[in-house]
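Have a look at the structure first.

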Amino acid sequence: MAVSIKSEREIGLMREAGKLLSRTHLELEKALHPGMSTKALDRICEEIIRSYGCIPSFLNYNGFPASVCISVNDEVVHGIPADERILEEGDIVSLDTGLIYHGYQSDAARTYGVGKISKEASQLIEVTRQSFFEGMKYAKEGNHLNDIGTAIQKYCESYGYGVVRDLVGHGIGTEMHEAPEIPNFDMGRKGIRLRAGMTLAIEPMINMGRPDVEWLDDGWTVVTEDGSLSAHYENTILITKDGPEILSL
């Protein structure tokens with residue numbers, strides 16, 4: 001499948017979608033506190049997105065029952081919010097959400113500590129976030145897709161962390177998942193050449209232990225196989241001639 005190059009009009013809409021999603025994440029971070037249920041956070045997320053006149057893109061996407069994936073501790077991605085799931089002091093929680101603005105998508109994820117967290121957990125969150133920016137150094141016209149993932153992998157593995165192989169980033173536009181797939185690791189081939197006007201969702205998913213993951217019986221929640229903590233960081237970006245423009249920051 002060809003990778004779409006966005007027009008100036010489309011880029012304008014995606015910029016706005018990204019800005020509103022960035023604002024959504026700031027509001028969610030403010031709302032997050034020990035003792036709240038993950039479902040309460042999901043309700044807040046949906047309310048915020050709809051208050052901007054946007055559509056929560058995750059809600060009912062392939063049957064997902066919520067507006068935000070909330071993944072706690074050893075949950076890597078796609079955790080389903082629930083009234084009985086209460087966040088506790090010391091947890092780490094990944095919030096992955098997206099919205100649709102005038103038909104265009106934005107997708108972003110952040111991992112936060114709930115209250116006071118351990119030094120180890122804090123480092124995992126920071127390294128995962130920084131690995132995204134290490135990948136961004138290569139996200140410019142003329143480079144290859146593999147340059148991004150290789151940089152992310154090198155950085156995270158230098159800390160002894162496991163880079164998840166079973167899940168990857170993706171192109172984004174009018175659909176949440178468009179071509180190309182974007183691994184966070186060296187795929188052993190160059191991949192496509194990056195061109196100005198491509199819009200991509202880059203999302204390192206990094207485990208404190210091994211990279212291996214498994215799916216829970218709910219068919220959605222992905223957890224680390226060894227029970228280690230996992231962090232997730234994602235932004236929607238635009239490739240330009242001069243480097244990436246991060247739309248959701």
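Strands, as the word is used here, are DSSP runs of at least two residues, numbered from the N terminus. By that count, strand S8 gives the largest share of the lining of the largest pocket, namely four residues. Bear in mind that this is a predicted model.

So what does the rest of that pocket look like? Its volume comes to about 450 Å³, and 24 residues line it. Nearest the centre lie His-78, Val-168, His-170, His-177 and Glu-203. The elements that give the lining two or more residues are strand S7 (169-171) and strand S8 (178-182).

Now for the sheet. It is open and antiparallel, with three strands in the order S6-S10-S13. S6 and S13 sit at the edges, each pairing on one side only. Between S6 and S10 there are two bridges, and Val-163 stands opposite Ile-206 in S10. Helix H3 (residues 119-136) packs on this sheet, touching S10 and S13, and its direction makes about 35 degrees with that of S13.

| S6 | 162-163 |
| S10 | 205-207 |
| S13 | 230-232 |

Last, the cysteines. Cys-45 has a relative accessible area of 0%, so it counts as buried. Cys-156 is buried too, with a relative accessible area of 0%.

How values were computed:
Residues are numbered from 1 along each chain as its sequence is written. This is a predicted model: local features need pLDDT of at least 70, side-chain atom pairs count only at pLDDT 80 or more; totals for chains, interfaces and linings use all residues. Side-chain values use heavy atoms; hydrogens and water are left out. Buried means under 20% relative accessible area, exposed over 50%, partly exposed in between (1.4 Å probe, protein chains only). Two strands pair if DSSP finds at least two bridges between them. Contact means heavy atoms within 4.5 Å. Axes are lines fitted to C-alpha atoms, for helices over the stretch in contact, and angles run from 0 to 180 degrees between N-to-C directions. On a 1 Å grid over the protein atoms alone, a cavity is a set of points where a 1.4 Å probe fits but cannot get out, and a pocket is an open set with protein on both sides within 12 Å along at least five of seven lines; lining residues have an atom within 4 Å of a point. Grid points are joined across faces, edges and corners, and a volume is the space filled by probe spheres set on the points.
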